[in-house]
Amino acid sequence: MDRVCWPYFDPEYENLNLRINPPRVSIDNETCMDCTLVKVDSMNKPGILLEVVQVLTDLDLIISKAYISSDGGWFMDVFHVTDQQGNKVTDARTIEHIENALGPKGHTVTNGVKAWPGKRVGVHSIGDHTAIELIGRDRPGLLSEISAVLTNLHCNVVAAEVWTHNMHVACVLYINDDTTGCAVEDPIRLSAMEEQLKNIVRGREDDGKAARTSFSMDSTHMDRRLHQMMFAARDYEDGGVTEEKAYAPTFQPVITVDRCEDKGYSMVNVRCKDRPKLLFDIVCTLTDMQYVVFHASISSSGPYALQEYYIRHMDGCILDTEGEKQRVIKCLEAAIQRRVCEGLSLELCARDRVGLLSEVTRIFRENGLTVTRAGVTTVGEKAMNVFYVSDASGNPVDMKTIDALRKEIGHTMMLDVKKLPTGSAEAPESTGWGKTSFFFGSLFDRFLA
């Protein structure tokens, strides 16, 4: 077929077109009994689908169905969404945020909704924070070593996100000086920090090619940046590395790529266990692989997700070779599995202090635990951390280890232990073990009291 390229978008013409045909956003709580419909109509442009999905995902909304059409000059989407509890979206601030972010006002953010700007890997220094990116081979205790180095360098970790997959680790950390609370900007200090962190990530047996430490210089959504880092590390390839975490056949993604001859598209079908942020992960990966989604249908059937995408490459070509198809399949499988965690999640809430992350991860290491994923957040003086853990061999954590953790950290932090359903990404179930097991929101509320 003939190549169909994206037209050149003159910025001034695009702004004029947006003024003439501004985006329209409709929040409909009347049509459906059990969900809110978010309808978006706007001028079509590259990456717009990812922008819309990103806004809804950052609000922790669950997308159960979606109908997407962006063939031609106009973009028309309908999303069926609920909050984390399965209720309609009725909070006025959340609705206003969606309207502002997706409507004519662009990406205006309403005060009070997702106030922490840490969903973005900002420029070299974000206000009073410096962003660090680390990529390398994963091993037990690595996060503990990284946080110990930063503590010794008089840096405080105020936020972080850590992913592991297929023996690779990618993390983005926000740090500041532990005395001044300001961003670290001294080039000599930054150079020393970079060298020490690179040595830690590289490890004893690594030749250094797989390890990379850098200070972020752009403004990219954090989760998207982590996907990009893993993709750059080629975590979707086996490369002689055996994945420690075995996925049950019932949860293994089933992905096919076929040709849609009459319309000139490649059709990508995805069937896998449903989970929060699944749509974002797939759309993000397709976008960063330079594919354009022209039409899509997203639905959930019980615990499973069914997603169908009609795509072309940015240059207008479909996927012709078997090699291209297999690469897309492998990359989508990796994108789906990066968030999948099994075993336990440990949620901690404590008053923030210098060295807190180093202390917690040291205790994990000493008790034989390895961190498979982590999220670190600071709100005011409160630190709220979530760690997904297994033992050093990738097996479930036994009760004796949990009891030892409670004894060691229970007097200074609130700990909530939750057992993750098999193949879970974001919705752990409380184990009910002991009186110290609370919902995470309750932990934070008690500290605020």
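Visitor: Is Phe387 buried or exposed?
Guide: The model here is a predicted one. Buried means under 20% relative accessible area. Phe387 has 0% relative accessibility, so Phe387 counts as buried.

Visitor: What kind of aromatic pair do Phe364 and Phe387 form?
Guide: The two ring centres are 5.1 Å apart, with 80° between the planes. Planes over 60 degrees apart count as edge-to-face. The pair of Phe364 and Phe387 is therefore edge-to-face.

Visitor: How many residues apart in sequence are the parts that Phe364 and Phe387 tie together?
Guide: Phe364 lies in helix 9, residues 356-366. Phe387 belongs to strand 18, residues 382-391. The pair thus ties together parts whose separation in sequence is 23 residues.

Visitor: How many aromatic pairs does a search of the whole structure find?
Guide: A pair needs ring centres within 6.5 Å. Tyr265 and Tyr310 have ring centres 6.1 Å apart and planes at 70°, so they form an edge-to-face pair. For the whole structure, the number of aromatic pairs found is four.

Visitor: Which strands hold Tyr265 and Tyr310?
Guide: The two residues are 45 apart and their pair links distant parts of the chain. Tyr265 is in strand 13 (residues 265-273), and Tyr310 is in strand 15 (residues 304-313).

Visitor: Which residue lies over the face of Phe294?
Guide: Ring pairs link Phe294 into a cluster with Tyr265 and Tyr310. At 4.9 Å from the ring centre of Phe294, the residue over its face is Arg312.

How values were computed: Residues numbered from 1 in each chain as written. Predicted model: local features only at pLDDT ≥ 70, side-chain atom pairs only at ≥ 80, totals over all residues. Heavy atoms only, no water. Phe/Tyr/Trp six-rings, centres within 6.5 Å; stacked < 30°, edge-to-face > 60°. Helix = DSSP H or I, 4+ residues; strand = E, 2+ residues; numbered from the N terminus. Buried < 20%, exposed > 50% of the residue type's maximum accessible area, 1.4 Å probe, protein only. Lys NZ or Arg CZ within 6 Å of the ring centre and 35° of its normal.
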